[in-house]
Amino acid sequence: MAKGPTVAMVVSEVEPFSKTGGLADVAGALPKALAAQGVQTHLFTPRYACVGEKKRPSVRMSPGFTVHFIDHPQYFAARPHLYGGADGDYPDNLDRFSFFCRESLSRMKKEGIRPDLLHAHDWQGALSIVYLEKGPRRDPFFSKTKTVLTIHNLAYQGIFPKEEYPKLGLPWGLFSIEGLEFYGKVNLLKGGIAFGRALTTVSPTYAREIQNPDFGEGLDGILRVRSSELTGILNGIDVESWDPSKDRSLPARFDPRRLSKKSKVKAALQKEVGFPVDSSRFLIGMVSRLASQKGMELVIQALPRLEALGIQLVILGSGDKPIQEALRRAAAPSLSVRLRLAFDLNLARRIYAGADAFLMPSRYEPCGLGQMISMRYGTVPIVRATGGLNDTVRESGPGGNGFCFGPYQSGALVEALKRALSVYREKPRWEEIQRRGMTADFSWKRSAGEYLQLYRKLIFS
Ligand code: ADP
């Protein structure tokens, strides 16, 4: 295999060491898929308590993929969480993650890792780009290194009071509207957006959406300025782990040729959550963080309509207390809903596999994994056409693989459910949609190919 570029990733969480969300999945899976295409990845990440006491400074995960831990016991190992607990973010997050970024660059130098590309992720990694591109003593060691920032969710930006700016060790000239200044405060993500040579986000539609004020979280202006450097690359899913023909947590296994076995999983799920076991009832699943992003309010408004449609809905969710309470109140009088307020990876698998359809009515969705996972299990997605949902689910045309609605309204959601239900009643049509989803390519191989193309373009620019 031709030797590919060397990439240094600066990322604040990575599977299997630390995780609060999809970022960790990407950081764990992308380097492996890149390695298969000849890329050497050195990933730098904090050594939190959950990483364990192992003294080794680096771990070789697989050929072409090494994880280097950044140590600062007081900042990382001594804390129970990654970014903050129930009381909010840790107050010294600027100190913690500016240290992390500076130290990642020092480690590269110390270890003689001269990357062709520095690929930073989200606000926690963004400063590594600022230091490399604009640091007071631009280090000649990195003179050939190009920089890329990936935004996984624009809602999280790393905003701090202006008084903390001097701690960054950056010139005041960078505290400007073209740099890290944001309404009088310091915005770390904005620094990465301003100075990264290339910017990516996790779906083409989200890349467009964040350039308008409705989705831009106050950064749409600078994103429009950088528009020609901003692209969207869809995440993949781990197709080995999410595989209905091998999944040990299911009561039966199936694949596109043995689709009838899926009905056993459905019956078991109906029984498990306390619904009447009835193969003809349309069973919809949801597995979701309970955050305003995820559109639960539309589901709550639509609940009274489900009964008349004969739909069964099972929701597995964890997160915001007020959304939990609202869901509990709305679900209590309904015979059509079963609510599990928990984070339960195994029940999630049984829902992905056992439901007929999977609902994601998100207000916004940078990429979304649930719709891809559910398709892999022959469970047809019903989604609001936003962000990555819009890029992966198509309702009409020969490639149709699910059901979509546009307006953020419960009426539009109910109409989409009705359309899905009517196709569900026509078994051959429904099965065709199921098989299309099951055989689609959602692997990391495809995503990694797109990242590699971008890396090459930057290297040769
Ligand atoms: P986000 O990263 O915004 O939460 P994604 O759709 O990208 O949304 O990824 C969510 C992932 O977390 C999926 O793999 C989903 O199965 C999992 N997940 C979310 N909530 C739960 C839960 N309550 N129990 C188990 N898994 C969950």
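Tutor: Terms, then. A polar contact is a pair of N or O atoms within 3.5 Å. Bear in mind that this model is predicted.

Student: Fine. How far is the side chain of lysine 294 from an oxygen atom of the ligand?
Tutor: An N or O atom in the lysine 294 side chain is 2.8 Å from a ligand oxygen.

Student: And what about arginine 289?
Tutor: One of its polar side-chain atoms lies 2.7 Å from an oxygen atom of the ligand. Leucine 369 uses its backbone instead: an N or O atom there lies 2.9 Å from a ligand oxygen.

Student: How much of the ligand does the protein bury?
Tutor: The protein buries 86% of the 560 Å² that the ligand exposes when taken alone.

Student: Switching to arginine 376. Where is it found?
Tutor: In helix α11, which covers residues 370-376.

Student: Buried or exposed?
Tutor: Arginine 376 is buried, yet has no salt bridge.

Student: Which side chain of opposite charge is nearest?
Tutor: Aspartate 243, 4.0 Å away.

Student: What does a polar atom of the arginine 376 side chain lie 2.9 Å from?
Tutor: The backbone oxygen of valine 239.

Student: Which other residues does arginine 376 touch?
Tutor: Leaving out residues up to four places away in sequence, its contacts include Ile237, Trp242, Pro244, Gly437 and Met438. Val239 and Asp243 are also among them.

How values were computed:
Residues are numbered from 1 along each chain as its sequence is written. This is a predicted model: local features need pLDDT of at least 70, side-chain atom pairs count only at pLDDT 80 or more; totals for chains, interfaces and linings use all residues. Side-chain values use heavy atoms; hydrogens and water are left out. Helices (H or I, at least four residues) and strands (E, at least two) are DSSP runs, numbered from the N terminus. Buried means under 20% relative accessible area, exposed over 50%, partly exposed in between (1.4 Å probe, protein chains only). Lys and Arg count as positive and Asp and Glu as negative; His and the chain ends are not counted. A polar contact is a pair of N or O atoms within 3.5 Å; within protein, one must be able to donate a hydrogen and the other to accept it, and residues adjacent in sequence count only if both atoms are side-chain atoms. Contact means heavy atoms within 4.5 Å. Accessible areas come from the Shrake-Rupley method with a 1.4 Å probe; for residues, only the protein chains shown count as cover.
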